[in-house]
Amino acid sequence: MLRTRILSALVMGPVALLAVWVNSLLFSLLAAVAAAVMVWEWDRMTRGRFSVAGQIAAAASAAAAVLAPEMPFTALGLVWVSTLTTAALSRSGWLAMGSLYVGLPVIALCWVREAGGVETLVWLLLVVWATDSGAYFFGRTIGGPKLAPRVSPNKTWAGLLGGMACAALIGGTAPLWAGGGNALALTAFAAVLAVTAQIGDLFESSIKRRFNVKDSSRIIPGHGGVLDRVDGLIAAAPLVALAVVAMGGGLEMWQ
């Protein structure tokens, strides 16, 4: 299983970075596909089927990803209308929650690529990946007290702290390759994002436990579904988008 996970990551990571690097449209298209798949996974997890209302939510989330770089407020409005529409059609708070849970972070990711720049989005991806890798390595190596045994029995405090340390280490190096930024501030923010990513991971684990499913789907060998792979990223993305708004730009502005 570990070998399969590594091989899958070696394929997905470069594809994501290449899409980020080429241009906003290519990344938004990739994000649109991922958004549609995540809504499909959510609807099947929480309601056992991919309904018409779920299809509307998936299409709206995908469209919002494409609109987000140039028209973020239109994208936000689309997700909000989709949430209300799917709630009315499905009479399900779970599907409405899924529309927001997927739609808002996807908008944040695509908008950060445009407003914060390539370096900012790459930094976010590297920080989240460092968190996941550090938490996995330190959790398996050290073990110890469980972080949230009722939600995710395999997660430990050692894993959380290890993920924070790895994220801080990677995040603090940004000034060396991104052309600016305060190393201390970026180190601290990366550690905060690591905690946020772990909370996102625990949240998705709680949803799976609530509906008695092991993985959101089996679309990614060794990783389960798209939601399983990006649960930390979609939790951290809105915080980075808020930082871009607050600082008025990408990493070089963060002091």
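Predicted model: local features only at pLDDT ≥ 70, side-chain atom pairs only at ≥ 80, totals over all residues.

**Helix pairs**

| Helix pair | Angle between axes | Axis distance |
|---|---|---|
| α3 (residues 52–67) and α5 (residues 93–115) | about 15° | 9 Å |
| α7 (residues 157–172) and α9 (residues 183–210) | about 145° | 7 Å |
| α2 (residues 24–47) and α3 | roughly 160° | within 8 Å |

Helix α3 takes part in two of these pairings, with α5 and with α2. Since angles under 35 degrees count as roughly parallel, the angle of about 15° between α3 and α5 means that these two helices are therefore roughly parallel to each other. Their crossing is right-handed, and the contact is made by A53, G54, A57, S61, A64 and A65 of α3 together with L95, S99, V102, G103, V106, I107 and C110 of α5. Sorted by class, the residues of this contact are 9 nonpolar and 4 polar, with no charged residues.

The axes of α2 and α3 cross at roughly 160°, and because angles over 145 degrees count as roughly antiparallel, α2 is roughly antiparallel to α3. Here too the crossing is right-handed. On the α2 side, S28, L29, A31, A32, A35, A36, V39 and D43 meet G54, A57, A58, S61, A62, A65 and V66 of α3; the residues of this contact divide into 11 nonpolar, 3 polar and 1 charged. Residues of α3 that take part in the contact with α2, including G54, A57, S61 and A65, are also listed in the contact with α5.

Helices α7 and α9 pack at an angle of about 145°, with their axes 7 Å apart, and α7 passes α9 in a right-handed crossing. The contact joins L160, G163, M164, A167, A168, G171 and G172 of α7 to A183, L186, T187, A190, A191, A194, V195 and Q198 of α9, and by class it has 10 nonpolar, 5 polar and no charged residues.

**The second largest pocket**

Which helices each supply at least two residues of the lining of the second largest pocket? They are α4 (72–90), α5 and α10 (226–247). The pocket holds about 240 Å³ of space, and its lining consists of P72, F73, L76, L104, I107, A108, W111, P238, A241, L242 and V245. By class, this lining has 11 nonpolar residues, with no polar and no charged ones. One of the lining residues, I107, also belongs to the contact that α5 makes with α3.

Technical notes
Residues numbered from 1 in each chain as written. Heavy atoms only, no water. Axes fitted to C-alpha atoms, helices over the stretch in contact; angles between N-to-C directions. Helix = DSSP H or I, 4+ residues; strand = E, 2+ residues; numbered from the N terminus. Parallel < 35°, antiparallel > 145°, perpendicular 65-115°, else oblique. Left-handed = near helix turned anticlockwise from the far one by under 90°. Contact = heavy atoms within 4.5 Å. Nonpolar A, V, L, I, M, F, W, Y, C, P; charged D, E, K, R; others polar. 1 Å grid on protein atoms, 1.4 Å probe; cavity = no way out; pocket = protein on both sides within 12 Å on 5 of 7 lines; lining within 4 Å. Points joined across faces, edges and corners; volume = space filled by probe spheres on them.
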